[in-house]
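Trainee: Please take a close look at one part of this model for me, and go on from there to whatever else is worth a stop. Spell out the cut-offs as you go.

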Amino acid sequence: MTTRPLVGVIACRREVEGHAAQMVTDKYLSALREYGLNPVILPVWSDQENDRELARELLSRVDGLLLTGSYTNVEPHRYGAERAPQNTRDDRDRDAAALTWIHAALALELPLLGICRGFQELNVAFGGSLHQAVQEVPGMLDHREPGGVDKAAQYAPVHDLELRAGGALAGLLGDTRSRVNSLHQQGVDRLGEGLVAEAWAPDGLIEAVSVADAATFALAVQWHPEWRPREHALHDALFRGFAAACAVYRGVASSFSPTQPA
């Protein structure tokens, strides 16, 4: 039996060659493997909504949960808003699963990492709301990725990040300053009750949160740390921390300390 922790990775619903499909882009799976974790894709369907028993059964088989980024958005009715014209891509099956799995995972004290859409899902699951087009909000930056560039340029750090002194994220990094990439149109409007802001962009937009009363690692970030994480101190620290928490959950030794570099 392998001692490598098993991490459930939420799927997205897409159409591939005319057929409904469940998919995860490889960068998330590769990042987990790079940190000594075995990823397994968890499919999503709308009938999973509010089925806590099914969620508990599913998540009891893994040692961590990763909520990935996606080109789709949480449907605005989930946080009591009308649809903005810039908000055009949904994934209601993923919404149904994610908003149930988040609470089930926390009840199981399962390590949880959210990225981009996963960050927004966590906020909505805790009763928060979202800006559907941050670039249209007065005083906010345009956080969307640049077009017409290669992936290295698309995922390059583009703005400063201020981390909460004494917070969970700053504790992993050992610093309160960093720079991160930016590939999103939506962002936190009202912070969900029970979440703690862990980092901010220069315009004041919340870029990272933690779950206040979580028993273990429970962090989500708006940027994309899965892109070449070993090349970026904050991204490396995030995955180290998550890997270490998953190893503790499984009851095995981890090769990755959250405080020691590779």
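Mentor: Let's start with tyrosine 35, which counts as buried at 1% relative accessibility. Buried here means under 20% relative accessible area, exposed means over 50%, and partly exposed is in between, using a 1.4 Å probe and protein chains only. Keep in mind that this is a predicted model, where local features need pLDDT of at least 70, side-chain atom pairs count only at pLDDT 80 or more, and totals for chains, interfaces and linings use all residues. Residues are numbered from 1 along each chain as its sequence is written, and side-chain values use heavy atoms, with hydrogens and water left out.

Now the ring-ring pairs. Rings of Phe, Tyr and Trp (its six-membered ring) pair if their centres lie within 6.5 Å; planes under 30 degrees apart are stacked, over 60 edge-to-face, and the rest tilted. That rule gives 3 aromatic pairs. One of them is stacked: tyrosine 35 with phenylalanine 239, at 5.4 Å centre to centre and 20° between the planes. Tyrosine 35 is in the loop between α1 (26-34) and β4, while phenylalanine 239 is in helix α7 (residues 233-250), so this pair ties together parts 204 residues apart in sequence. Helices (H or I, at least four residues) and strands (E, at least two) are DSSP runs, numbered from the N terminus. Phenylalanine 239 is buried too, at 1% relative accessibility.

Another pair, phenylalanine 217 with phenylalanine 242, is tilted, with 5.6 Å between centres and 55° between planes. Phenylalanine 217 comes from the loop between β12 (206-211) and β13 (218-221) and phenylalanine 242 from helix α7, so the parts tied together are 25 residues apart in sequence. Phenylalanine 217 is buried at 11% relative accessible area, and phenylalanine 242 is buried at 0%.

Next stop, glutamate 198. This residue is in strand β11 (residues 195-200) and is buried, with a relative accessible area of 1%. Its side chain makes a 2.6 Å polar contact with the side chain of serine 210. A polar contact is a pair of N or O atoms within 3.5 Å; within protein, one must be able to donate a hydrogen and the other to accept it, and residues adjacent in sequence count only if both atoms are side-chain atoms. The glutamate 198 side chain also reaches the backbone nitrogen of leucine 169 at 3.4 Å. Beyond neighbours within four places in sequence, its contacts (heavy atoms within 4.5 Å) include Glu162, Arg164 and Leu219.

Strand β8 (residues 159-163) runs antiparallel to β9 (residues 177-180), joined by 4 bridges, and antiparallel to β11, joined by 2 bridges. Glutamate 162 has arginine 177 as its bridge partner in β9 and stands opposite tryptophan 200 in β11.

For contrast, take glycine 171 in helix α6 (residues 168-173): this glycine is exposed, with a relative accessible area of 51%. Its C-alpha is 9.9 Å from that of glycine 241, 70 residues apart along the chain.

Notes:
Two strands pair if DSSP finds at least two bridges between them.
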